[in-house]
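Look at the model first, then read on.

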Amino acid sequence: MIETNDLFAGYRGEDILRGVSLAFRPGEVLALLGPNGCGKSTLLKAVLGLIERTGGEVRYDGVPMARLSRKEIAQRAAFLTQSRTTPVITALRMVLHGRFPYLSYPRRYGKADYAIARSALARVGAAQYEDRNVGELSGGQRQGVYLAMALAQQTQTIFMDEPTTFLDIEHQLSMMETARELAREGRAVVLVLHDIPLALRMADRIAVMQDGHLAACGTPQEIENSGVIDAVFHVALHAADTPHGRQYYCMPQEEDS
Amino acid sequence: MRSSQISSTDSSKVLLLLPACVLLSAVLSLCVGAVAVAPGDIVSALFFGRNDTVAAKIILYTRLPRTLAALLSGSALAVAGAVIQTVLCNPLAAPNIIGVNASAGLAVTLACALAPMSAVATPVIAFAGALAGVLLVLALSEMTGASRMTTVLSGVAVSNLFSAAIDAVVTLVPDALSGYSDFRIGGFASVTMTRLAPAAALILVSLALVMTLAQQMDILALGTQTAQSLGLAVRPVRLALLVLAAALCGAAISFAGLLGFVGLIVPHMMRRLVGEESQRLMPACAMGGAALVTLCDTLGRVLFAPYELSVGIVLSFAGVPFFLWLLLKKRGGHAGD
């Protein structure tokens, strides 16, 4: 399990995160919510060691991150980044790069790596694209290939930074369903989301961030009852029980009063 | 051919065709000139030790150094361009555009103004100059968190500054650089085997080392954060690649002068022909650059014979329109690119 304790981090000497303590538990989907600039993406980067910590600590299965090499971190946690390049390579080749943390000299992918990469592509429903160039794929298909690359890393924890942004509703739901499946397999899945109703409906636990702090963390029900969404996002959160489970929607606060 | 349509088979065909292009360009370079030499004479001179004929003397003492210089400088500059574009994640970056060529040129010019240099020292000094230039652009890029365009623009500014400094040194110390115009444009008229040998060694070693880092370059091309999250130690790999790119540029410039465009156009051409996988792209750039520069040098010798155009001029006339045609073709294929 990966956990942070009183974590401080930021850019160019300015702390964006200010004392975040959070555990990413195996077997659950944790959604990170918060207004723009509150430090959600910064938290993921700090946990993965992509930016310098200025205080606190990050532990991987009890081991301080500082004791782990970059490859050892990559064997424990995968990261689906927010901004993604589109190289002119095939989908299979792209997914094979997920095996890079396990390569040793002369750094050639073997049969086992190909099998894992193909299995990851099949997992996201992209097996038929393996020989197509990534640039030829639609946004949703490309997102699937990137996710397959993260899956090919075969890590205990997967961090996804805004994985549903720019996706149509079908691909959004497919992405969330994959996240749920991964959690059922015992992995920790951490998603940065802007869609509050989607997060409340699909996640096991919600962490709400505000100004670099953790404003609240709990089950969707606890978050709904706490009123933290209303306070942090300046909206009015509503819920209704439907045959498809409890559904959420947000309205402007002034219209609510 | 649109890059997005490159199949593995197409790419393999190109990689099989390129060695033939290199061989053909080398044979043409050896055969064609003020005195035509038959291919049979080339074989006799190169492989059977016949050096007693006029043709053999022309080949061994004039054409061979020139052909090797063209092959090596083309390979070196094209691969250096591809490496710099990958490391800076910037398709507009090239050794001549971001100031690497000019900083290597300035180092050579300054060294020549201060003291006459040996053949061994020239590539080393050019390498040091190129390294300083490439590290300066990297530092500017990292310090300012610069966008792709800012990186290129800062490189253009640095390039102009260094070019002005070269002009200033040559103005103040006119004897600093013999054949100054050849050096600025780029050419092989004064290349000898003695001058070429140390630079050739540096180029061959650097090319081999770049090939060993192909896998890392592919990871780097995915973007810094993705590369780091896949376990790549981005900073050391980036630095190693830039040092190798500087070695390639510096070594090439030490005997070929400030050859432009090769480092920009060849990587783009080859990406369209073989895709972006470094294991294919780097050998393709090495061979494509070698063939292009050698052919342009040969054209420069025969087009207006007995006058000779420097290879840099021919490269600009032949290479740039071709590059523009490729860009326009791409735009036609990808509306809204």
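A:Arg246 and A:Asp241 join their side chains in a salt bridge, 3.1 Å from N to O. The model is a predicted one. A:Asp241 counts as exposed because its relative accessibility is 63%, and exposed means over 50%. A:Arg246 has a relative accessible area of 27%, so this residue is partly exposed.

A:Arg246 also takes part in a salt bridge with A:Glu224, where the closest N and O atoms are 2.5 Å apart. This pair links distant parts of the chain. A:Glu224 belongs to helix H8 (residues 220-226) of chain A, and A:Arg246 to strand S12 (residues 245-252) of chain A. They are 22 residues apart. A:Glu224 is buried, because its relative accessibility is 18% and the cut-off for buried is under 20%.

**A pair in chain B**

Which parts of chain B does the pair B:Asp297 and B:Arg66 link? The side chains of these residues meet in a salt bridge of 2.9 Å, N to O. B:Asp297 sits in helix H13 (residues 278-302) of chain B, and B:Arg66 sits in helix H3 (residues 54-87) of chain B. The two residues are 231 apart, so the pair links distant parts of the chain. B:Asp297 counts as buried, at 0% relative accessibility. B:Arg66 counts as buried too, at 10%.

**Salt bridges overall**

Over all chains, the structure holds 17 salt bridges. A:Arg123, A:Glu181, A:Glu185 and A:Arg187 are linked in a network of them. The table lists some of the pairs.

| Pair | N to O distance |
|---|---|
| A:Glu224 and A:Arg246 | 2.5 Å |
| B:Asp297 and B:Arg66 | 2.9 Å |
| A:Arg246 and A:Asp241 | 3.1 Å |
| A:Arg93 and B:Glu277 | 3.4 Å |

**Where the chains meet**

How many salt bridges are there between chain B and chain A? The count is one. A:Arg93 forms a salt bridge with B:Glu277, with the closest N and O atoms 3.4 Å apart. Five residue pairs are in polar contact between chain B and chain A, both residues being at pLDDT 80 or more.

On the side of chain B that touches chain A, the elements giving two or more residues are helix H5 (121-143), helix H9 (214-220) and helix H10 (224-229) of chain B. The residues of that side divide into eight nonpolar, 16 polar and four charged. In contact are 28 residues of chain B and 28 residues of chain A.

The size of an interface is often given as the accessible area lost when the parts come together. Here chain B and chain A bury about 2400 Å² between them. Carbon and sulfur atoms carry 53% of it. B:Gln215, B:Leu222 and B:Leu230 supply 24% of the area that chain B buries against chain A, more than any other three residues.

**A buried arginine**

A:Arg70 lies in helix H2 (residues 70-74) of chain A. Which side chain of opposite charge is nearest to A:Arg70? That side chain is A:Glu52, 8.0 Å away. A:Arg70 is buried yet has no salt bridge. A polar atom of the A:Arg70 side chain is 3.3 Å from the backbone oxygen of A:Leu48.

Leaving aside neighbours within four places in sequence, A:Arg70 is in contact with residues of chain A and chain B. Among them are A:Leu48, A:Gly49 and A:Leu50. On the chain B side, the contacts include B:Gln228, B:Ser229 and B:Leu232.

Terms used: Residues are numbered from 1 along each chain as its sequence is written. Chains are lettered from A and ligands numbered from 1 in the order in which they are written. This is a predicted model: local features need pLDDT of at least 70, side-chain atom pairs count only at pLDDT 80 or more; totals for chains, interfaces and linings use all residues. Side-chain values use heavy atoms; hydrogens and water are left out. Contact means heavy atoms within 4.5 Å. Buried area is the accessible area (1.4 Å probe) that two parts lose on being put together, summed over both. A salt bridge is a side-chain nitrogen of Lys or Arg within 4 Å of a carboxyl oxygen of Asp or Glu. A polar contact is a pair of N or O atoms within 3.5 Å; within protein, one must be able to donate a hydrogen and the other to accept it, and residues adjacent in sequence count only if both atoms are side-chain atoms. Helices (H or I, at least four residues) and strands (E, at least two) are DSSP runs, numbered from the N terminus. Ala, Val, Leu, Ile, Met, Phe, Trp, Tyr, Cys and Pro count as nonpolar, Asp, Glu, Lys and Arg as charged, and the others, Gly among them, as polar. Buried means under 20% relative accessible area, exposed over 50%, partly exposed in between (1.4 Å probe, protein chains only). Lys and Arg count as positive and Asp and Glu as negative; His and the chain ends are not counted.
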